[in-house]
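Me: I have a structure open and want a quick tour. Can you walk me through the side chains and loops?

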Amino acid sequence: MKKTILAIFVAAITMPVMAQLNDINEKKFSVGVRTGVTIGGLTGVADMLNYDPSGIAPVNPYDSKAGAGISLGVVFNTRINDWFYIQPGLEYAMLSSKAKMELPAKDLDGTGLSEDKYSTVVRGHYLRIPILASFRINFDKCQLQVNTGPYLAVALAARQIDSRAFTYAADQGAYSGMTFKEKTITDPLATQYNMVYDNTGNLTEIDEYSVYNRFDVGWDIGIALNYKNIVFGAKYNVGFVNMLNEEMFNIVNASDPGDVKFDKTMRNSSFSLSIGYDF
């Protein structure tokens, strides 16, 4: 009798779990939602800020690092067989890059300043469409996934935030010790205009351009663990497109024949962690 009761009790506990596991292993099609954090954005922001058309390296170059953002998305799992799925999706991702520079004290001699700091944040909001091949291994209580494939992306919006904070030295009279902050916000996707004039000063051409390109193509690779339909994931993605409009950047910033051309690419690259649920 005790063994019978114990068996019924064990069955009552394990049946819901087994049902969920069967859902993981046997469903032909399922939809999942994902949310998470992203680390990374444009590589090469510091290179652009350090660019000097004369070819002389800046005395105080910018240092760059990855910024943090969020991601939200939905995935569509299509089962081909026990171990292979096709997983297209739709994802919003915020990518962020930072660069900063602090002028050393020796460079502030004679400026009347005791401190001078600059920083730049470039933040892009992307809609991405990944189309992934998903290789899966089923265990008793979970499923391991290895996902990889291309993605298409479009920038919905972007912002570049340039900041400066400077403090006057103690010998600057009424401004002594006072700190001032400046901030400029620009849209690198907005249409801008480059005016071309001839030798007599007449306008001959108007070039329309944006600083950054709007469309991206890249590759995703990641792993995920599905436990009771709760999915924990990590992935890395890298873009193949130079997001800087390099041709127009050089026309605007290095217009003289003797100027050095900016030739470094700025690609999207990020790492993300996510949690989600498959229905």
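Me: Where is K228 placed?
Reply: K228 is in the loop between β10 (215-227) and β11 (230-239). Keep in mind that this is a predicted model.

Me: What is the phi of K228?
Reply: Phi of K228 is near 55°. That is a positive value in a residue other than glycine. Most residues other than glycine have a negative phi.

Me: And what about phi of N229?
Reply: Phi of N229 is positive too, near 75°. N229 also lies in the loop between β10 and β11.

Me: N229, then: buried or exposed?
Reply: N229 is buried, because its relative accessible area is 7% and buried means under 20%.

Me: New topic. Which residues of the largest nonpolar core touch the most other members?
Reply: L42, M48, Y212, L244 and M266 do. The core has 28 residues.

Me: Which elements supply at least two residues of this core?
Reply: α2 (45-49), β4 (84-102), β5 (113-138) and β6 (143-168) each do. The largest share, 5 residues, comes from β6.

Me: What does M266 touch?
Reply: Leaving out residues up to four places away in sequence, M266 touches L42, T43, G44, V45, M48, Y212, V241, N242, M243 and L244.

Me: On to rings. How many aromatic pairs does the structure hold?
Reply: There are 12 aromatic pairs. One of them is F84 with F135. The pair is tilted, at 5.4 Å centre to centre and 45° between the planes.

Me: Where do F84 and F135 sit in the chain?
Reply: F84 is in strand β4 and F135 is in strand β5. They are 51 residues apart, so the pair links distant parts of the chain.

Me: Are those two buried or exposed?
Reply: F84 is buried, at 18% relative accessible area. F135 counts as partly exposed, at 37%.

Me: What about Y168 and Y175?
Reply: Y168 and Y175 form a tilted aromatic pair. The centres are 5.2 Å apart, with 35° between the planes. Y168 is partly exposed at 23% relative accessibility. Y175 is partly exposed at 45%.

Me: What lies over the face of F166?
Reply: R164 does, at 4.2 Å from the ring centre.

Me: And which ring does the charged end of R128 sit over?
Reply: The ring of Y151. The charged end of R128 is 5.3 Å from its centre.

Me: Last stop, T35. Which strand is T35 in?
Reply: T35 is in strand β1 (residues 29-42). T35 counts as partly exposed, at 35% relative accessibility.

Me: What is T35 in contact with?
Reply: Leaving aside neighbours within four places in sequence, T35 is in contact with S71, L72, L273, S274 and I275.

Me: Which backbone oxygen does the T35 side chain reach?
Reply: The backbone oxygen of S71, at 3.4 Å.

Me: How far apart are T35 and P257?
Reply: They are 49 Å apart in space, C-alpha to C-alpha. In sequence, T35 and P257 are 222 residues apart.

Notes: Residues are numbered from 1 along each chain as its sequence is written. This is a predicted model: local features need pLDDT of at least 70, side-chain atom pairs count only at pLDDT 80 or more; totals for chains, interfaces and linings use all residues. Side-chain values use heavy atoms; hydrogens and water are left out. Helices (H or I, at least four residues) and strands (E, at least two) are DSSP runs, numbered from the N terminus. Buried means under 20% relative accessible area, exposed over 50%, partly exposed in between (1.4 Å probe, protein chains only). A nonpolar core is a set of buried Ala, Val, Leu, Ile, Met, Phe, Trp, Tyr and Cys residues joined through side-chain atoms within 4.5 Å. Contact means heavy atoms within 4.5 Å. Rings of Phe, Tyr and Trp (its six-membered ring) pair if their centres lie within 6.5 Å; planes under 30 degrees apart count as stacked, over 60 as edge-to-face and the rest as tilted. A charge sits over a ring if NZ of Lys or CZ of Arg is within 6 Å of the ring centre and within 35 degrees of the ring normal. A polar contact is a pair of N or O atoms within 3.5 Å; within protein, one must be able to donate a hydrogen and the other to accept it, and residues adjacent in sequence count only if both atoms are side-chain atoms.
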